[in-house]
Structures are given as structure tokens and as C-alpha cells.
Amino acid sequence: MVSELVVISGKGGTGKTSVVASFAALAERAVLADCDVDAADLHLILNPTVVHREDFSGGKSATIITDRCTACGICREVCRFDAVFHDGPGNEFVDTTYRIDSVACEGCGVCAWFCPSRAIDFSPAVNGEWYISKTRHGPMVHARLGVAEENSGKLVTTVRREAKRVAEEENRRMVIIDGSPGIGCPVIASITGATAVLVVTEPTLSGLHDLDRVVDLASHFGIPTSICINKSDINPEMTKRIRERARERKIEALGEIPYDPEVTRAQIAGVSVVEHGGGPASTAIRDLWHSVAKNLPEPSGLIQLQTKG
Ligand code: SF4
Ligand code: SF4
């Protein structure tokens with residue numbers, strides 16, 4: 001059985017990826033998954049070498065085949081998303097055909113159904129790519145979504161499924177997931193059915209509100225959830241409030257990471273905090289990792305035995 005630990009945050013920029021990269025360095029025989037597909041940046045620290053690449057198709061899109069279009073205008077009449085325009089190139093029948101704006105098209109397929117000339121191609125659209133890579137800390141599955149593309153929830157599901165498959169094939173016990181921030185579709189896809197969730201938050205008022213929202217979400221799906229407070233010493237009063245809120249909500253506060261300029265130096269050097277040195281943030285993340293591994297539901301015993309350092 002493969003455990004899935006998902007690290008999430010209420011918003012971007014809380015230090016979530018720094019925590020995940022350090023966990024990657026500390027865990028033995030884990031697979032890494034970057035499910036923050038809208039703003040993937042784990043690769044900047046783990047420097048992956050791609051060994052497998054595949055197109056991702058999150059849905060279908062419609063395209064007018066100019067040579068067949070008679071400019072009857074039915075496609076524009078039936079499109080509820082105003083994605084059809086009468087400014088396409090001419091052909092042997094008409095001076096101006098119709099054209100579909102690929103950004104506005106929602107891929108419903110209605111125009112293709114009604115076109116009397118079978119002039120609309122409705123086929124799977126390539127919205128991005130996903131990769132299996134090698135890193136110095138083990139295999140990593142990650143992805144890139146095309147510009148202005150949606151369906152990131154589906155791509156997250158693909159990344160998680162492939163990471164789990166790699167773990168099973170290579171007899172690795174754990175997938176560490178850098179989840180999407182927020183509470184939208186991608187984060188739901190990141191956590192559904194996971195073994196445990198760790199929420200990274202910061203001691204600010206918005207951090208407290210964001211924490212409530214993500215903890216609500218994880219509780220809704222019944223996933224064991226814990227938190228850690230990053231830069232905990234920049235606002236001790238708010239850190240105390242977050243600790244109290246966690247207690248009220250019966251969420252374990254597993255760690256506090258102090259502000260440490262070494263975190264930025266590690267980012268600039270392209271390595272995780274725990275690989276860069278032994279400052280206060282590095283020590284706190286090591287302690288956090290040991291607590292997380294200890295608190296993971298079964299088969300955590302196996303994971304503890306496999307923890308480095
Ligand atoms: S319905 Fe078909 S033939 Fe008519 S304008 Fe649209 S693409 Fe052209
Ligand atoms: S597929 Fe749907 S959204 Fe896209 S152009 Fe056709 S009718 Fe409009």
C-alpha cells in the first residue's frame with residue numbers, strides 16, 4: 001500500500017514548496033508529485049531530468065474546416081459561449097467563413113452536432129504535458145498546463161495517478177505531493193482519497209482565515225489533517241491564535257518554522273533548505289518531518305524506518 005502525504009496551503013507563497021522539497025530530501029524511497037500544476041515550481045529545486053513525456057488532453061475543442069464551411073451561421077446561433085465569429089478565410093463557396101475562438105470555446109460540441117455541412121472538427125485538445133523525471137531524491141511526476149488552459153483538476157488527477165503507479169512499480173511506500181493552493185477544483189483533486197494532509201500557513205490574519213478554509217475542506221473529505229506555521233516568529237501573537245484555533249478544531253500543530261534567511265539562500269542555490277545547511281529553519285523542518293512521518297496513518301511504521309537523517 002502506498003501512502004499519499006499532501007502538503008497544501010490557503011494561498012501561494014507560504015513556503016509550501018520549500019517544505020515539500022526538504023521532505024523529498026529527508027524521505028527514503030518516496031515518489032514526488034508536483035500537483036501545483038498552475039504554478040509548478042518544485043522542479044526549480046529538484047532539477048528533474050525528464051525520462052517520459054506525454055500530452056495531456058483535458059477535453060475536446062471545436063475547429064471549423066474552412067474548405068467545407070458554407071457560412072450558414074448555424075454554429076454561431078447555437079453557441080452559448082459567443083465563441084464563433086464570422087471572420088474566417090474565404091473558400092470556393094463564400095468570401096468569408098466562420099471561425100471559432102479556441103480560448104472562448106468551452107468544448108461543449110453543440111456546433112459540431114448542428115453543422116449541416118460536417119464542417120466542424122470536434123476532437124481531443126492537447127492542453128498540456130505531464131512528465132516522469134529522475135531527481136536526486138527519487139522519481140518525480142510533474143506537469144505543465146498550456147497558457148489560458150483550464151481542466152487543471154483533471155491534470156492533477158493524472159499526476160497523482162501516475163505518481164502512485166510509479167511508487168507501486170518501484171516498491172516505494174510513499175508519495176509526497178506538493179498540492180495546489182486554495183480551495184478550488186485543483187486542491188480538491190490533490191487531496192481526495194489521500195492518506196494525510198499537512199497545511200502550511202503563516203502567522204497573518206489572512207493566514208488564519210485561509211487555514212480555516214483549507215481545514216474545512218480537508219475535514220469535509222475526512223482526511224487526517226495537521227498544520228505547520230511557517231515564519232512563526234514574525235508575529236508571535238498571531239502564531240498563538242493559530243495554535244489556539246488548531247486546538248479548537250482538534251487539528252494537530254506539528255511544527256513551527258522560524259524566519260531564516262537561509263531559506264532564500266537555499267532557493268537561490270536551487271537546493272532544499274535541509275540540504276543547504278543546518279540553520280534554525282532546517283532544524284525545524286527536520287523535526288517537522290519526523291513528526292509528520294510519526295503521525296501518518298498506517299503504513300507509517302514502515303515510513304519511519306525509512307526516514308533519513
Ligand atoms: S454551421 Fe458549419 S457550415 Fe454553417 S457556418 Fe458553421 S461551420 Fe460553417
Ligand atoms: S464547442 Fe460549444 S463552445 Fe465551442 S464553439 Fe462549439 S458550441 Fe461554442
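**Helix packing, domains and ligand shells**

Analyst: Two packed helices are described by the angle between their axes and the distance between the axes. In this predicted model, helix 1 (residues 16-26) packs on helix 11 (residues 280-295) at an angle of about 70 degrees, their axes lying 10 Å apart. Axes are lines fitted to C-alpha atoms over the stretch in contact, with angles from 0 to 180 degrees between N-to-C directions; helices are DSSP runs (H or I, at least four residues) numbered from the N terminus. Helix 1 and helix 11 are therefore roughly perpendicular (65 to 115 degrees).

User: Which residues of helix 1 and helix 11 make the contact?

Analyst: Helix 1 contributes V19, S22, F23 and L26, and helix 11 contributes I285, R286 and W289, contact meaning C-beta atoms, placed from the backbone, within 7 Å.

User: Where are the domain bounds?

Analyst: The domain assignment, automatic or from a database, gives domain 1 as 3-57 + 128-305 and domain 2 as 59-125. Their centres, taken over C-alpha atoms, are 42 Å apart.

User: Which residues come nearest to each ligand?

Analyst: Around ligand 1 there are 13 residues, the closest being C69, C72, I74, C75 and C115; a residue counts if its C-beta atom, placed from the backbone, lies within 6 Å. Ligand 2 has 14, with A62, C79, C105, C108 and C111 nearest.

User: What conventions apply?

Analyst: Residues are numbered from 1 along each chain as its sequence is written, while chains are lettered from A and ligands numbered from 1 in the order written. Local features need pLDDT of at least 70 and side-chain atom pairs count only at pLDDT 80 or more, whereas totals for chains, interfaces and linings use all residues.

Key. Helices (H or I, at least four residues) and strands (E, at least two) are DSSP runs, numbered from the N terminus. Angles under 35 degrees count as roughly parallel, over 145 as roughly antiparallel, 65 to 115 as roughly perpendicular and the rest as oblique. Two residues are in contact if their C-beta atoms, placed from the backbone, lie within 7 Å.
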